[in-house]
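Here is a short report on a protein model.

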Amino acid sequence: MRHTVPILNLESESPEKFGEDSVHSRPKDACLVKIYPPVVTGSLIALDQDEILFGRDISCDYELSDDFASRRHAVIRWVDRNCMIVDQNSMNGTYVNDQRVGEQVLKSGDQIRIGHHIFKFLASDHVEAMYHEAVFEMMTVDALTKTYNRRYFEDAFIREINRSFRHGRQLGLLLLDIDYFKQINDTHGHLIGDELLAGVCKRVNSRVRNDEIFARVGGEEFALVIVECTLDNLRRLGEELCELVGGKPFPSSKGDINVTISIGVAHALGSAPITMNGMLEQADKNLYEAKRLGRNRCCS
């Protein structure tokens with residue numbers, strides 16, 4: 001991947017180095033943070049040029065190794081103090097906060113998607129703090145679905161298992177899998193598959209409480225950890241989530257698409273030692289049974 005725009009280094013470069021020619025016409029240190037695919041270095045892209053072209057072509061200022069990006073996909077340009085993103089008639093579109101746009105003024109914190117690449121726009125007097133916050137998010141949150149990633153899930157789930165046994169409280173786990181997801185990708189393409197993954201998670205997240213852990217643990221597989229919940233309540237929640245996801249089609253750039261999920265339940269009373277693998281195996285066994293019985297259901 002070739003980048004001709006400068007990569008901002010917060011530790012070694014002074015803020016005044018960037019944007020000196022137009023310091024009075026644009027916010028100091030405005031930048032993009034690349035949050036997906038995740039990278040350890042070079043994730044901060046300085047927006048100190050009047051215009052930056054993103055795309056697959058070698059002539060672009062920021063070249064993307066991404067088959068779902070167009071050769072000349074989108075431009076980010078400064079108009080007075082406003083930073084704008086302008087789609088260049090790309091095939092798969094440019095998205096800001098999951099909405100397809102032609103052109104749009106960016107606000108600090110906006111999330112931009114070009115092909116499979118996701119960036120966060122930062123423009124304020126606190127870019128360094130926001131950058132470190134974005135990096136923490138990048139390490140713990142799946143950028144596409146905005147759920148926790150598997151690494152965070154495993155750490156948090158083990159903590160909840162230990163608390164469950166220590167305090168003798170019940171603990172529940174739901175394993176959710178999108179039905180026929182490979183067929184969806186084969187029929188409609190991976191970008192539509194990504195839209196549906198995000199859409200399913202948005203619906204499920206509307207039912208997730210602050211003390212619960214919702215995470216992506218596989219390609220189309222998700223886990224929901226629920227504390228102090230009876231087995232009956234877990235079953236009821238699983239059935240409600242199946243109805244919530246499958247009750248109406250999902251809008252996509254290729255029209256409405258019906259999606260369903262299958263769910264496997266695991267439950268612990270907190271009266272005996274349990275392990276993460278033990279609960280995952282129990283939930284996975286019940287998920288397999290839900291698939292065997294015809295999908296779009298919850299089994300415990």
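## Pocket lining

The lining of the largest pocket divides into six nonpolar, seven polar and eight charged residues. Here Ala, Val, Leu, Ile, Met, Phe, Trp, Tyr, Cys and Pro count as nonpolar; Asp, Glu, Lys and Arg count as charged; the others, Gly among them, count as polar. The pocket has a volume of about 570 Å³. Of its 21 lining residues, the closest to the centre are Asp98, Glu195, Ala198, Gly199 and Lys202. Helix H4 supplies eight residues, the largest share of the lining. Strand S8 (99–101) and H4 each give at least two.

A pocket is defined on a 1 Å grid over the protein atoms alone, as an open set of points where a 1.4 Å probe fits, with protein on both sides within 12 Å along at least five of seven lines; lining residues have an atom within 4 Å of a point. Grid points are joined across faces, edges and corners, and the volume is the space filled by probe spheres set on the points.

## Basis of the model

This is a predicted model: local features need pLDDT of at least 70, side-chain atom pairs count only at pLDDT 80 or more, and totals for chains, interfaces and linings use all residues. Residues are numbered from 1 along each chain as its sequence is written, and side-chain values use heavy atoms, with hydrogens and water left out.

## The chain as a whole

The protein chain has six helices and 18 strands. These are DSSP runs, numbered from the N terminus: helices are H or I with at least four residues, strands are E with at least two. Of the 300 residues, 49% are buried. Buried means under 20% relative accessible area, exposed over 50%, partly exposed in between (1.4 Å probe, protein chains only).

The accessible surface comes to about 15100 Å², and carbon and sulfur atoms hold 47% of that. Areas come from the Shrake-Rupley method with a 1.4 Å probe. Among contacts (heavy atoms within 4.5 Å) with a separation of 6 or more, 60% join residues 24 or more positions apart.

## Helix H4

In H4, 13 of the 16 residues are buried, so the helix is largely enclosed by the rest of the structure.

## Backbone exceptions

Most residues other than glycine have a negative phi, and most peptide bonds are trans. Tyr36 and Pro37 are joined by a cis peptide bond, with omega about -10°. Pro37 sits in the loop between strands S1 (31–36) and S2 (44–46).

Asn89 has a positive phi, near 55°. Asn89 lies in the loop between strands S6 (82–87) and S7 (94–96), and is exposed at 77% relative accessible area. Lys146 also has a positive phi, about 60°. Its loop runs between strands S12 (141–142) and S13 (147–148). Lys146 is partly exposed, at 43%.

## Two more residues

Is Glu160 buried or exposed? Glu160 is buried, with a relative accessible area of 11%. Glu160 belongs to helix H2 (residues 150–167). Leaving out residues up to four places away in sequence, Glu160 touches Arg169, Leu171, Ile213 and Val227.

Gln49 is in the loop between S2 and strand S3 (51–55). Gln49 is partly exposed, at 24% relative accessible area. Gln49 and Trp78 are 29 residues apart in sequence, yet 8.0 Å apart in space, C-alpha to C-alpha.
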